[in-house]
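Please examine the sequence and the structure shown below. The paragraphs that follow lead from the overall form to individual residues.

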Amino acid sequence: MIPKRVAIVSVAQTKYEEAKQDKELSEIIFQVTRRALDQAGLTRGDVDSVVIAAHDLVDGRSIADMVTATAAGAYHKDVIRVCEDGIFAAALAYARILSAIFEVSLVVAWGKASEGAGEVINHLSFDPLYHRPLGLNEVSSYGIRATRYLQKHGISEEQCAKVVVKNRHNAALGNPLAHLRAPVGLGEVLRSKVISWPIKLLDTAPKTDGACAMVLASEKRAREISGNLAWVKGASWCTDSYYMGERDLDELKSLRLAASRAYEMAGIKEPVRQIDVAEVYDLFSFLELMEYEALGFCGQGEGAKFLESGIPQMEGELPVNPSGGVLSSNPKTASGLVRLAEASLQVMNLAEGRQVPEVRTALAHGISGLCGQSHCVFIVGKQESY
Amino acid sequence: MKSDVAIVGVGQTNYVTKRLDVSVPELAQEAVRRALQDAALTMDKVDAVVFGSGPEAFEGVNCPDKWCVDAVGALEKPFFRINTGGMTGASAAMAGHTLVASGLFDVVLVVALQRVGESSDAQQILNTIFDPIYEKDFGLNIISTIAQRAIRLMELYGYKEEHFSMISVRNHLNAFRNPHAHLKLDITLDDVLKSRVLCWPIKLLDCCPRSDGACAIVLASEEKATKITSTPAWIKGLASMSEGYFVGDRDLALPDYYSLVARKAYEMAGIDNPRAQLDVAELYGAFTVSEMIQYECLGFCERGGGGKFLEEGITEITGELPVNPSGGVQSANPIGATALVRIAEVALQVMGKAEERQIPDVKLGLATGSGGTAQFFSVMILGKKR
């Protein structure tokens, strides 16, 4: 068992929007970092470790962390960059504090999709010999996955569309930071342009500019910093095979494995009963249904039924994505960290219009890699004890 | 409170200009297999894997780590990639240390690689690290930046070009003892001095090559390490730091942060007289000049005493404190793996497995890492005793 306790003491987010044309990337990073520190009453001097998450090709230069790390407060600090979603950076920061070498860690991630050629970069993630010549990219690879999942379990496009309606509704109602704040109807989603069948335009996440920062601290420092903490009760990450042909496309195996380890750490045996709110990485509508299953919210193939039962609705027993999820704001590379930020805000009772009443335990989930290859799961809670 | 972590296995590929016989995953696996073989472990005994590689433009594949998941034994395990430019290998090793010291995992594999041979021009890729608005127009690149450092050192301390050349002669000669080395050159001071000027005072033989290659280490917890091997290399101290981004904001001859990093690592390791207590050092010097600047910052000599330190023969393989018995970065530079190679080589020295390049009776050794035109700097101390 883990001998030490770590808490999230502060969370900051920018407004998520299509293009932040008035600011260059380092200004966006600096401002969100500054806010995370200010809110906790911390200065840079209190921080002894900075963990950032970013990709060179996305940020548009080689060793891009030279400029982004310093914007994230890393001058004369220990700094490390993971090339994964930001939630993986949070996992490393968590471990860094557990190692007892560091006490206060800043975690920062961002996305400025408005400046990049996302589709091209995504296509370059496929190996040059077998996959790339097929023209695979993010949407088409997930299209294949969706086809398999829908076919295997007899799930309809309409059932997938209900995820969009739920999440966009949540964003419209309660999240002033969200990029897409207009609610959409079922018919609208179903009639939207087919991108890669069965995925239609409104089944996909937008391309968003924005950033997210948080501060993690050891138990001793956390208690000194704030009386309103989100304790990390479990954190786990796991990866699947690279080649899609090697994977079972009808389930998210690496998410299932990551979740089971995180649950074990947090003492969760009945997720629906024990977890009060979940923020999951709904990059596509159908993906959220698959995630219900891998997270053990319902049985295999029962994701759509689970949604239709009303449990993941805002008023349900286990609201999923009160923030509106990735379908409403997708500052890529930060989108998973945003899930952890939102879960933490829920635990801290700071989620304002999207606050779920009496949250004691929350789950956050993020994805890295191609077509759901790597997953990371966090369990955060109001109580420090395990 | 801190728990001890040791390196229990080391594996390296040979470093060459271009490996045409293997793919990226095969290259990674070659190093992984050797590291596991060295530790007499199988892949199933590894709890988590950390991957390191520098700018993905070298491989021409975005997220090359994801391609390697199956090949490095990370399937269905916790896995992420680190990229901090030239310091990547050291950062990855530090992340590996974090994961073990956190108590989350017992055995962690760290693998780092670069296939520079896949890119047409390494410098072109590295030129994009400089700020497009303020710095690029000055013609700054890696070589011209290091030339400025050399000029500043020559002006301040009276160092001669000959001093830098001495470093090159020693590194390239030591490389003959290292079966993995890329460049083994039997050269004289005169050869270095007369080699082609790239950007005065930097000449061709002051530089490192660009290599294809991979390196892997196995890290284990206190309890596991002693069961795995009778010769673990214990991590006694480690620290890293970032300087500011803009080259113009740094004093190139007085990198205080180098000294701060060294002091932190020495404190952890209980070292107060590095020159007397250390038995061997592997320094990340992509150029002769970048090795020279480290002697004084690491406390091997007085400020400005690097020239005399070299003249006294202390750094020779038979000297009091041998530097780079492996031949150093000047003999092999698989960029994202290079800093891990320094750590691996010191581990081999501590384990007594460095074969022809073994320094007798190594109790304590030091490895440095550096990345982003020396913006990032790291020190790791390894020892025979816990």
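Into which domains is chain A divided? The model is a predicted one, and in it chain A is divided into domain 1, covering 6-118 + 207-225, and domain 2, covering 233-381. The C-alpha centres of these two domains of chain A lie 22 Å apart. Contact between them involves 29 residues of domain 1 of chain A and 25 residues of domain 2 of chain A. On the side of domain 1 of chain A that touches domain 2 of chain A, at least two residues each are supplied by β1 (6-13), α4, β4 (104-112) and β7 (209-218) of chain A. The largest share of that side, seven residues, belongs to α4(A).

Chain A as a whole contains 15 helices and eleven strands. Its radius of gyration is 19 Å, close to the 21 Å that the globule rule gives for 386 residues, so chain A is as compact as a globular protein of that length. The C-alpha trace of chain A spans about 55 × 45 × 40 Å along its principal axes. Of the 386 residues in chain A, 62% are buried. Among the contacts in chain A with a separation of 6 or more, 78% join residues 24 or more positions apart.

The next topic is the meeting of the two chains. Chain A contributes 49 residues to the contact, and chain B contributes 50 residues. On the side of chain A that touches chain B, α2 (56-59), α3 (65-71), β3 (78-82), α4 (86-98), β8 (230-239) and α10 (253-266) of chain A each supply at least two residues. That side of chain A consists of 27 nonpolar, 13 polar and nine charged residues.

Helix α6 (residues 161-174) of chain B packs against helix α11 (residues 288-297) of chain B at an angle of about 100°, and their axes are 9 Å apart. An angle of 65 to 115 degrees counts as roughly perpendicular, and α6(B) and α11(B) are therefore roughly perpendicular to each other. From α6(B), the residues H163(B), F164(B), I167(B) and S168(B) meet T288(B), V289(B), E291(B) and M292(B) of α11(B). Four nonpolar, three polar and one charged residue make up this contact.

D282(A) lies between β9 (277-279) and α12 (285-294) of chain A. Is D282(A) buried or exposed? A residue is buried if 20 or more other C-beta atoms lie within 10 Å of its own; D282(A) has 29 C-beta neighbours inside 10 Å and therefore counts as buried. Leaving aside residues up to four places away in sequence, D282(A) touches several residues, including V163(A), N167(A) and N321(A). The C-alpha atoms of D282(A) and D203(A) are separated by 9.5 Å, although these residues are 79 residues apart along the chain.

The peptide bond from W197(A) to P198(A) is cis, with omega near 5°, and P198(A) is in the loop between β5 (194-196) and β6 (199-200) of chain A. In chain B, the peptide bond from W200(B) to P201(B) is cis, with omega near 5°. I63(A), a residue other than glycine, has a positive phi near 45°; I63(A) is located in the loop between α2 and α3 of chain A. I63(A) is buried, with 29 other C-beta atoms within 10 Å.

Note on methods:
Residues numbered from 1 in each chain as written. Chains lettered and ligands numbered in written order. Predicted model: local features only at pLDDT ≥ 70, side-chain atom pairs only at ≥ 80, totals over all residues. Contact = placed C-beta atoms within 7 Å. Helix = DSSP H or I, 4+ residues; strand = E, 2+ residues; numbered from the N terminus. Nonpolar A, V, L, I, M, F, W, Y, C, P; charged D, E, K, R; others polar. Domains from an automatic or database assignment. Rg over C-alpha atoms; globule rule 2.2 N^0.38 Å. Buried ≥ 20, exposed ≤ 12 C-beta atoms within 10 Å, placed from the backbone. Axes fitted to C-alpha atoms, helices over the stretch in contact; angles between N-to-C directions. Parallel < 35°, antiparallel > 145°, perpendicular 65-115°, else oblique.
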